[in-house]
Amino acid sequence: MGQGPVGGGSGTNPRSGRHESDEERADRQWSDLLQELRVAQTGVQILFGFLLAVVFQPRFADLPTVDRNIYVVTVMLGSATAATLIGPVSYHRLLTGRRMKPQTVTWASRITKLGLGLLFCTMCSTLLLILRVALHNVAALWLVGGMALWFLVCWFVFPLWAIARDNGHRPAGGEAPDPREPGPGDDPRA
């Protein structure tokens, strides 16, 4: 292990510390991406189904123009989100057998990140619509703003913080540091 490339482009990946070929790495990354997409797609499908049903409710006709416009924007965002998060499956299916798995994983990952951004917008727009109807006041904007901030923290800030904190803490071999050992900058008294 860790002896450099061995036949067919296999070797130890310095970023993950795994001994795998480019194809094996792409297969693993694709499997990981599919698991992530399953979680996101389920939530999007439930949310989108809810949004589609709203227009058929008797009270929908009584909504002010502003709320109807928010609804239309929300449905369009939900549709774009669903299309984007289902896109990697189509991308993979159309490229299967063409020996393009690493490129497929790269593009599918990019599409998924775009889908998560659209999901963020869809969730905020949905919350805005629901809270405007429920509260009929400016508190809805404050609540949506607070939840938008929470989504950003959970989805982006925490992962980026983990990357920044880990930057430079990995040993040269690529293995993760022992969590019981203090790292550089850690207070050994803590």
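1. Helices and strands are here taken as DSSP runs, a helix having at least four residues and a strand at least two, with numbering from the N terminus. On that basis, and bearing in mind that this is a predicted model, the elements of the protein run β-β-α-α-α-α from the N terminus on, which amounts to 4 helices and 2 strands.

2. Of the 190 residues in the protein, 29% are buried, and among the contacts with a separation of 6 or more, 59% involve residues 24 or more positions apart.

3. The buried residues of H1 are Arg25, Ala26, Trp30, Leu33, Leu37, Ala40, Gln41, Val44, Leu47, Leu51 and Val54, and what covers them includes strand S2 (19–20), helix H2 (65–95) and helix H3.

4. The pairing of H1 with H3 comes next. The axes of H1 (residues 22–54) and H3 (residues 101–135) come within 10 Å and cross at roughly 20°, and because angles under 35 degrees count as roughly parallel, H1 is described as roughly parallel to H3. The crossing of these two helices is left-handed. On the H1 side the residues making the contact include Trp30, Leu33, Leu37, Val44, Leu47 and Leu51, while those on the H3 side include Val105, Ala108, Thr112, Leu119, Met123 and Ile130. Sorted by class, the contact of H1 with H3 has 14 nonpolar, 6 polar and 4 charged residues.

5. The pairing of H2 with H3 has another geometry: the axes come within 8 Å and cross at roughly 160°, and H2 and H3 are therefore roughly antiparallel to each other. Here too the crossing is a left-handed one, and by class the contact of H2 with H3 has 21 nonpolar, 11 polar and 3 charged residues.

6. For H3 and H4, the axes come within 9 Å and cross at roughly 155°, which makes H3 roughly antiparallel to H4, and the crossing is right-handed. The contact involves, among others, Leu116, Phe120, Leu127, Leu131 and Arg132 of H3, together with Leu143, Val144, Met147, Phe151 and Trp155 of H4.

7. Thr112 deserves a separate look. Thr112 lies in helix H3 and is buried, because its relative accessible area is 7%, against a cut-off of under 20% for a buried residue. Leaving aside residues up to four places away in sequence, Thr112 touches Leu33, Leu37, Leu85 and Pro88. Leu33 and Leu37 are themselves among the buried residues of H1.

8. Val89, by contrast, is placed in helix H2 and is partly exposed, with a relative accessible area of 40%. In space, the C-alpha atoms of Val89 and Ala108 are 8.1 Å apart, although the two residues are 19 residues apart in sequence. Ala108 is one of the H3 residues in the contact with H1.

9. Most residues other than glycine have a negative phi. Is His136 buried or exposed? With a relative accessibility of 63%, His136 counts as exposed.

Definitions and conventions: Residues numbered from 1 in each chain as written. Predicted model: local features only at pLDDT ≥ 70, side-chain atom pairs only at ≥ 80, totals over all residues. Heavy atoms only, no water. Axes fitted to C-alpha atoms, helices over the stretch in contact; angles between N-to-C directions. Parallel < 35°, antiparallel > 145°, perpendicular 65-115°, else oblique. Left-handed = near helix turned anticlockwise from the far one by under 90°. Contact = heavy atoms within 4.5 Å. Nonpolar A, V, L, I, M, F, W, Y, C, P; charged D, E, K, R; others polar. Buried < 20%, exposed > 50% of the residue type's maximum accessible area, 1.4 Å probe, protein only.
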